[in-house]
Amino acid sequence: MHQSHWGRAGLARTSYGHAMAVRVPCGMNPETIAAALDTASRCWWDPGARPTRLWVENVRAGSGSEEACRRLDAEVHRPVAVDGPVIRAVLVQYADAVADLVVAADRRDLDPGALAVVCDVLLGAVDADTVTAKPIRRHADGRALLAYARRRRIARPRRTSEGRPLHTGVPLERGDGDVTTDVAVAAAVVTARYDGLDSVTVPVWATYRSRPRNVLGGSEKCVCLSIDTSRARASRDLLDEADGVLHQEDRRRPLDIAEACHPAGRAATQVGVLGTVLYDPARTYLPCQSAPFPITLLPVVGTDGQATLEVYADPAAVDEHVAARFGRQVAQVVHSFHGPTTGARQRMPSAFTDEDASSVGVGVRAAAATLGSRIEDVFAMRARARPDAVAVTHGRRTVTYSELDEQSRWVARALRERGVAPGDRVGICLDRSIDLIVTMLAVLRVGAAFVPMDVRHPPDRLAYTASDARVRLVVTDIDARGWGESASAVTLQELEMSAFPATDVAVGVSAAPAYVIYTSGSTGRPKGIAVPHGAVLTLLAATADEFALGSDDVWSMFHSPAFDFSVWEIWGALLTGARLVIVPYWISRSPVEFHTLLAEEHVTVLSQTPSAFVPLVAADQDLAPLDSLRLVVFGGETLEPRVVLPWLDRYPESSCRLVNMYGTTESTVHATAHTVTRRDALTDSKTVGKPLPGWEIQVTDEYGRPLPGGMAGEIYIGGVGVSLGYLNRPAMTAGRFVAALGGRRRYRTGDRGRMRDDGALEHLGRLDAQVQIRGFRVELGEVRAVLLDDPAVTAAAVVPSGRPDDPSGLAIDAYVVLTKEDSTTVPMLRRRAARFLPDHMVPRTITVVDALPLTVNGKLDVTRLPEPTPPARRPSVRAPNEVPEISEARSTEASLVDIWESVLGVAVSPDDNLFELGGNSLCAIKADNMMRRLGLPALPMRELYRHPSIRGICDTLARLYPPRPDT
């Protein structure tokens with residue numbers, strides 16, 4: 001018997017220890033306990049094992065004192081040394097002659113039942129001769145486990161924190177079945193919600209039901225229980241199925257807990273369950289000296305039959321708040337299992353408390369738009385404050401704030417003379433120009449809403465937009481035919497010539513729509529979204545201070561006026577007194593020319609979709625840095641943060657701020673903001689930030705019930721930015737714009753995400769068939785509907801193509817079934833689709849099939865669709881994006897063929913139409929970059945679209961760069 005055991009403090013310790021403390025019967029001599037331990041250990045353990053000794057700790061305080069409790073707690077939490085005896089036994093003696101016996105062991109050597117038997121033997125309650133000792137497999141170090149992991153190709157086991165685990169307990173409802181099964185299934189259901197998974201595997205470390213009494217050893221085995229939470233089954237069936245798996249002994253394996261944390265081929269398990277412990281008031285039992293899993297759940301059943309769920313968490317991996325919340329949610333799901341429910345999955349979400357499911361952003365004061373109630377009023381104030389400041393630049397043409405104000409007033413008067421009244425809608429189909437801005441302001445001054453249309457959209461789509469919006473007038477400089485019976489067309493020049501001297505009239509309120517933007521529609525036709533003045537003004541008020549927006553800034557207008565990102569660009573500049581630089585369409589398609597424009601105009605605020613930013617980053621590497629640029633705002637589509645690493649290498653975060661903003665047209669462009677850091681880029685963070693002041697974010701389940709932080713579900717956006725709804729579509733508006741608690745309207749985005757504990761939103765993709773292509777929201781149903789409108793097509797399927805090796809970026813692949821007697825060809829189908837769809841929605845490939853593959857339920861089986869048929873008859877010999885070697889001996893034509901074959905990944909002949917081979921604007925940008933890097937003459941992007949073939953490019957280059965006379 002030794003009087004101190006502090007000398008063992010430096011030895012390595014086990015991570016899977018548990019301990020039991022028992023009050024020593026009054027009058028029992030310590031020598032008796034030591035002798036029993038010595039005799040028993042010689043019989044139980046391997047003769048070669050280190051001898052087991054009883055350590056004695058004397059406490060100079062009574063058994064009920066604070067000092068006594070502290071010393072006892074320290075002994076219970078002190079694990080055994082991995083290179084020491086099988087158990088550690090300590091007798092804690094107090095000043096009042098009371099003592100406690102503490103026995104600790106590795107639970108892989110002695111399970112909870114065996115630990116209790118050891119205590120009983122040492123205290124004389126059980127005869128040592130009646131105890132059977134199984135062979136003990138010691139865990140002297142982790143070398144054997146690491147070797148096993150290497151053989152199985154398992155990730156290196158995670159080291160648990162050597163500090164005490166976080167611990168909390170919550171009441172647990174007990175049903176007729178096994179409590180361990182209830183907790184394991186509930187843990188799987190909650191974990192599935194957190195990670196947005198349909199199937200979850202939970203390691204369950206428990207003892208056999210048939211375990212005999214008075215047997216020493218590690219009888220616990222691990223079962224990796226897989227729960228399919230996607231199927232709507234009755235809770236009783238779900239629990240019975242799991243119970244059968246847990247208690248079939250042939251399914252149990254003697255796995256190490258660390259191995260259970262890293263099953264082969266799976267990500268590290270975050271949650272594990274230990275078998276149910278029966279509470280004994282005469283003993284103090286600590287099941288986890290260190291948490292074996294990031295979150296470890298342990299059901300405890302008392303003598304009165306009441307159950308408690310104890311939660312142990314590794315403090316290095318999980319904070320106390322998260323662990324407590326997770327345990328509470330598991331207990332609530334267990335409660336739902338035994339209530340009036342038809343299925344665990346349906347009942348589970350409603351079990352969360354209002355505190356868990358609170359919205360982020362609720363109660364955040366909306367930024368006050370104190371400058372005015374309507375867009376044109378705020379602009380007029382800016383014009384009066386800075387009349388001579390340049391408002392808009394387009395090429396060599398500029399216009400000051402006073403000139404823009406005056407011109408828009410004249411055009412507004414002409415619109416009124418033509419019958420446009422407050423509440424009407426006016427179509428604007430003009431290219432990016434100062435005239436476009438003048439017309440927008442004029443429409444707002446009349447009290448009407450403008451409907452922007454892209455001049456490059458197909459005529460049929462333009463006519464549909466004008467008809468669906470029921471516009472009174474279309475201001476355009478393209479062919480005026482085909483706008484429908486209700487709309488007449490007029491040029492801006494005609495309006496200016498017919499205008500009388502301008503006068504102001506009082507019109508509208510901030511709740512009136514300022515514009516209607518059309519986006520892709522799942523029903524096969526675009527749908528218009530009406531956005532009020534107040535939402536735009538609040539957006540700018542909410543971001544002005546955070547981004548330090550002011551009159552010294554220079555903004556770029558890079559995007560189409562029919563894309564709502566342009567709303568942020570145009571009014572962000574003009575309503576803050578800044579200068580707006582309009583980027584001509586063809587320059588926006590050439591990264592080098594665009595970079596040059598940014599440098600020459602000293603742009604400070606740049607807005608970009610990630611798809612457009614990547615080519616700009618590549619061009620920037622070979623050009624002078626953009627010293628004036630201070631803010632880059634990303635929007636329109638998902639940002640993969642790693643693509644900004646080259647930019648961060650050149651532009652420090654302190655000089656140029658990158659902001660990732662998330663939002664929808666229905667919530668007025670932006671709803672959240674997050675500054676992108678190098679850490680985000682290196683970790684590939686999905687964070688899009690916290691809600692802007694006045695906006696609110698909720699993540700809900702499939703029934704619209706808010707989910708707690710960390711759980712994946714559908715993103716709802718509420719607050720001041722929510723638009724007025726879909727134009728002339730009350731049923732669709734009612735289905736997507738829903739009322740929340742308190743009567744607030746929220747918009748169902750159809751996006752998948754989850755809220756972090758710090759209030760930031762993580763965007764995890766889409767829930768439906770909608771995709772984002774070059775920043776535009778595309779409903780695949782609209783593309784399919786256009787194909788089905790062709791009389792030659794009897795069936796069609798449309799799928800996104802976004803393979804990593806696809807050189808043309810994210811696009812669309814279509815599959816069609818044609819009538820047997822029809823002679824329609826794929827080029828004919830493509831040309832017809834291009835009549836109705838904008839460039840980014842025209843399928844990259846159209847593959848003719850005999851029939852569409854279906855599942856047993858009659859749905860499209862995407863996995864059985866064939867590989868898309870490439871437009872070319874033979875594949876390219878070059879890998880995608882491979883830069884060819886070009887020498888002076890090769891002709892320009894041969895060099896261009898090599899470049900375009902490397903970009904498109906298919907064979908190219910001199911007379912092929914490059915866009916019919918699957919090319920698009922992104923491909924053109926990549927080809928242009930290759931030409932510049934290889935020293936070929938620069939090709940204006942406009943000329944490529946006019947002559948989209950290798951021979952056409954060669955003729956254009958010969959015309960633009962004629963040979964010198966001396967060559």
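R374 counts as buried because its relative accessibility is 1%, where buried means under 20% relative accessible area, exposed over 50% and partly exposed in between, with a 1.4 Å probe and protein chains only. The model is predicted: local features need pLDDT of at least 70, side-chain atom pairs count only at pLDDT 80 or more, and totals for chains, interfaces and linings use all residues. Residues are numbered from 1 along each chain as its sequence is written, and side-chain values use heavy atoms, with hydrogens and water left out.

R374 belongs to the loop between α9 (344–347) and α10 (375–385); helices (H or I, at least four residues) and strands (E, at least two) are DSSP runs numbered from the N terminus. L444 is 70 residues away along the chain, yet the C-alpha atoms of R374 and L444 are separated by 8.5 Å. A polar atom of the R374 side chain lies 3.2 Å from the backbone oxygen of L444.

The whole structure contains twelve aromatic pairs (Phe, Tyr and Trp rings, the six-membered one for Trp, with centres within 6.5 Å; planes under 30 degrees apart are stacked, over 60 edge-to-face, the rest tilted). Among them is the edge-to-face pair of F563 and F565, at 6.0 Å centre to centre and 75° between the planes. F563 counts as buried at 7% relative accessibility, and F565 is buried at 2%.

F613 and F634 form another edge-to-face pair, at 4.9 Å and 80°. F613 lies in helix α19 (residues 610–620) and F634 in strand β26 (residues 631–634), so the pair ties together parts 21 residues apart in sequence.

Technical notes. Polar contact = N/O pair within 3.5 Å; in protein donor to acceptor, adjacent residues only side chain to side chain.
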